[in-house]
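Me: Please take a close look at one part of this model, the place where the ligand sits, and describe what surrounds it.

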Amino acid sequence: MEKLKIAIQKSGRLSEKSLDIITEAGINLINGSRKLISQSSNFPLEILYLRDDDIPQYVADGVADAGIVGENVFMETGIELEILERLGFSRCRLSLAVPKSGNYSGPDYFSGKKIATSYPNILKTYLQKRGIKAEIHVINGSVEIATGIGLADAIFDIVSSGSTLISNGLKEVEKIMDSEAVLLASPLMEKNKTVIMTDLLFRLRTVLAARNNKYILLNAPDDKLEQIISILPGMKSPTVLPLALKGWSSVHSVVNENDFWQVIGKLREYGAEGILVIPIEKMIF
Ligand code: ATP
Ligand code: ZN
């Protein structure tokens with residue numbers, strides 16, 4: 001049987017998490033990571049380990065049928081490919097940063113300035129859209145030290161917590177894009193492989209859904225049940241079971257990570273007690 005070839009980063013910030021999501025989807029890999037290629041023992045899949053920058057091109061050329069890469073890298077290549085799924089990990093942003101002491105008033109600040117970056121294409125597009133003429137200085141790696149050593153007036157780089165900027169005397173002033181790992185598909189994928197891709201995608205989505213949701217159990221006084229249920233969507237609707245103690249019920253539901261703290265706050269306000277929150281292993285719609 002044909003195998004689906006998926007390119008992932010060989011070693012770096014995406015590697016581990018790319019392997020994690022694949023194995024969480026129930027796909028066992030033989031001879032693990034750090035090789036050039038590994039196979040699966042229980043799914044028609046082959047992993048190609050590459051530098052992240054090369055992944056979009058390999059996918060475009062059909063050498064790989066799919067690839068996992070940061071959106072930032074994908075956008076920078078300018079290659080047009082379909083994003084099959086956003087994978088929710090390796091979140092970061094691409095931002096412009098200037099020395100802490102600089103009095104920044106808006107993007108016009110960058111007029112006539114020298115900006116160091118590893119993302120010249122994304123930056124060029126941004127500057128052009130605003131009619132700002134600046135000098136782009138391309139460097140690969142350690143962009144954050146460029147202003148300190150007098151190489152540039154500003155930088156355009158990946159930011160996650162922002163601590164790297166702070167420790168280099170910089171402040172983030174404009175966010176240009178958000179990024180996360182994405183699954184790219186090759187336009188050249190053969191018909192018989194699209195079946196495998198569909199199966200893989202289904203599995204990945206169950207993993208993502210499970211990661212984004214929590215199972216929640218709580219005790220509710222019966223006279224507050226209606227209110228409590230109204231804020232708990234569940235997959236269809238919450239489960240309500242009577243407790244042995246009269247006047248109380250146990251409510252089970254699924255809550256999305258994004259609404260989680262807000263929902264918990266409301267539940268307590270409405271009199272819910274003994275709230276348990278449990279991770280979900282897989283979630284199938
Ligand atoms: P390669 O050797 O494959 O070219 P690299 O050095 O270019 O690797 P990494 O530093 O491993 O790349 O980062 C890979 C991707 O991880 C980035 O392009 C970005 O999408 C994401 N990323 C980078 N920094 C962070 C961070 N601090 N937090 C979360 N994600 C990040
Ligand atoms: Zn890279």
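Reply: Domain bounds, as used here, come from an automatic or database domain assignment. On that basis the protein, which is a predicted model, is divided into domain 1 (4–90 + 180–210), domain 2 (92–178) and domain 3 (213–279). Ligand 1 lies between domain 1 and domain 2, because both of these domains give residues to the shell around ligand 1.

Turning to the site itself, the space taken by ligand 1 is the largest pocket. The shell there holds 15 residues, of which Gln9, Arg13, Asp52, Asp53 and Asn72 come nearest to ligand 1. Sorted by class, the shell around ligand 1 is made up of four nonpolar, six polar and five charged residues.

In the side chain of Asp53, an N or O atom is 2.7 Å from an oxygen atom of ligand 1. For the side chain of Gln9, the distance from an N or O atom to an oxygen atom of ligand 1 is 2.8 Å, and for the side chain of Asp52 the corresponding distance to an oxygen atom of ligand 1 is 2.8 Å. As to how far ligand 1 is covered, it exposes 640 Å² when taken alone, and the protein buries 74% of that.

Key: Residues are numbered from 1 along each chain as its sequence is written. Chains are lettered from A and ligands numbered from 1 in the order in which they are written. This is a predicted model: local features need pLDDT of at least 70, side-chain atom pairs count only at pLDDT 80 or more; totals for chains, interfaces and linings use all residues. Side-chain values use heavy atoms; hydrogens and water are left out. A residue is near a molecule or strand if one of its heavy atoms lies within 4 Å of it. A polar contact is a pair of N or O atoms within 3.5 Å; within protein, one must be able to donate a hydrogen and the other to accept it, and residues adjacent in sequence count only if both atoms are side-chain atoms. Accessible areas come from the Shrake-Rupley method with a 1.4 Å probe; for residues, only the protein chains shown count as cover. On a 1 Å grid over the protein atoms alone, a cavity is a set of points where a 1.4 Å probe fits but cannot get out, and a pocket is an open set with protein on both sides within 12 Å along at least five of seven lines; lining residues have an atom within 4 Å of a point. A molecule sits in a cavity or pocket if more than half of its atoms lie within 2 Å of its grid points. Ala, Val, Leu, Ile, Met, Phe, Trp, Tyr, Cys and Pro count as nonpolar, Asp, Glu, Lys and Arg as charged, and the others, Gly among them, as polar.
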